[in-house]
Amino acid sequence: MKTIEYGFAESRFGELIVARTTAGICNLQFVTTTLQAALDELYLCWGHDACITENHEMARDVVQSIFEKQQSNISLDLCGTAFQLKVWKALQQIPFGKTVSYCDVAHTIGQPTAIRAVASAIARNPVAIVIPCHRVVHSNGSTGQYHWGAQLKKRLIQWEHDALATAKNHTAHDLL
């Protein structure tokens, strides 16, 4: 039986539920309805074979490492099909502040005709931000849908672009 710690933490983009096993983060979702609904979803995915305990400090630490320290080397404990895992791994290779198309992801995993299947796997991403599904857009450049809302997806993309621009400005200033 797996042991899972979960907690809620506030981010610059709203409340998140974070869950982790001893192997890594297994669930990180924006809370779009109620805290109880987010917790119910966690139990739906993991509760049948896990001991789930509360740890809000862990959640705050994870959220801080993602948004304030912008760490991307966070350990994950994912549960999905082989295809989903392949797609999610490809998403983790998309650089901070960059976007790619669903078609690009399909090509990256060596299945260029599987664009709809790629989109479906992306929609089932259990770990927001760390598996950056928000960085995948339509070929025409439109942002498209997002599990937690199209507006949030636009805000995340903009935040990353702004963070990169700020970093470039600081680097250029340091060279002067």
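Mentor: In what follows, helices are DSSP runs of H or I with at least four residues, strands are runs of E with at least two, and both are numbered from the N terminus. Please bear in mind throughout that the model is predicted.

Helix α3 spans residues 82–91. Its buried residues are Gln-84, Val-87, Trp-88, Ala-90 and Leu-91. Viewed down the axis of α3, these buried residues fall within an arc of 155 degrees, so they line one face of the helix. The face turned away from that buried side carries Ala-82 and Lys-89, which are exposed. As for what covers the buried residues of α3, the cover includes helix α4 (102–108), helix α5 (115–123) and strand β6 (136–137).

When its neighbours within four places in sequence are left aside, Gln-84 is in contact with Ala-121 and Arg-124.

The protein has six helices and six strands, and from the N terminus on they run β-β-β-α-β-α-α-β-α-α-β-α. The radius of gyration is 17 Å, close to the 16 Å that the globule rule gives for 176 residues, so the protein is as compact as a globular protein of that length. Its C-alpha atoms fill a box of roughly 50 × 45 × 30 Å along the principal axes. Of the 176 residues, 43% count as buried. Among contacts with a separation of 6 or more, 61% come from residues 24 or more positions apart.

Elsewhere in the fold lies an open sheet of four strands, ordered β3-β2-β1-β4, with mixed pairing. Its edge strands are β3 (25–30) and β4, each of which pairs on one side only. From one strand to the next the twist averages 20 degrees. Strands β1 (residues 2–11) and β4 (residues 50–54) pair in the parallel sense over five bridges, and in this pairing Thr-3 stands opposite Cys-51 of β4. Strand β1 runs antiparallel to β2 (residues 14–20), to which seven bridges join it. Here Gly-7 stands opposite Val-18 of β2, while Ala-9 has Leu-16 of β2 as its bridge partner. The two strands β1 and β2 form a hairpin, with two residues between them.

Two helices lie across this sheet. Helix α1 (residues 35–46) lies across β1, β2, β3 and β4 and runs at about 155 degrees to β1. Helix α2 lies across β1, β2, β3 and β4 as well, but runs at about 60 degrees to β1.

Helix α2 covers residues 56–67 and contains Ser-65. With a relative accessible area of 10%, Ser-65 is buried. A polar atom of the Ser-65 side chain lies 2.8 Å from the backbone oxygen of Val-62.

Notes:
Residues numbered from 1 in each chain as written. Predicted model: local features only at pLDDT ≥ 70, side-chain atom pairs only at ≥ 80, totals over all residues. Heavy atoms only, no water. Buried < 20%, exposed > 50% of the residue type's maximum accessible area, 1.4 Å probe, protein only. Arc of directions from axis to C-beta. Contact = heavy atoms within 4.5 Å. Polar contact = N/O pair within 3.5 Å; in protein donor to acceptor, adjacent residues only side chain to side chain. Pairing = 2+ DSSP bridges. Axes fitted to C-alpha atoms, helices over the stretch in contact; angles between N-to-C directions. Rg over C-alpha atoms; globule rule 2.2 N^0.38 Å.
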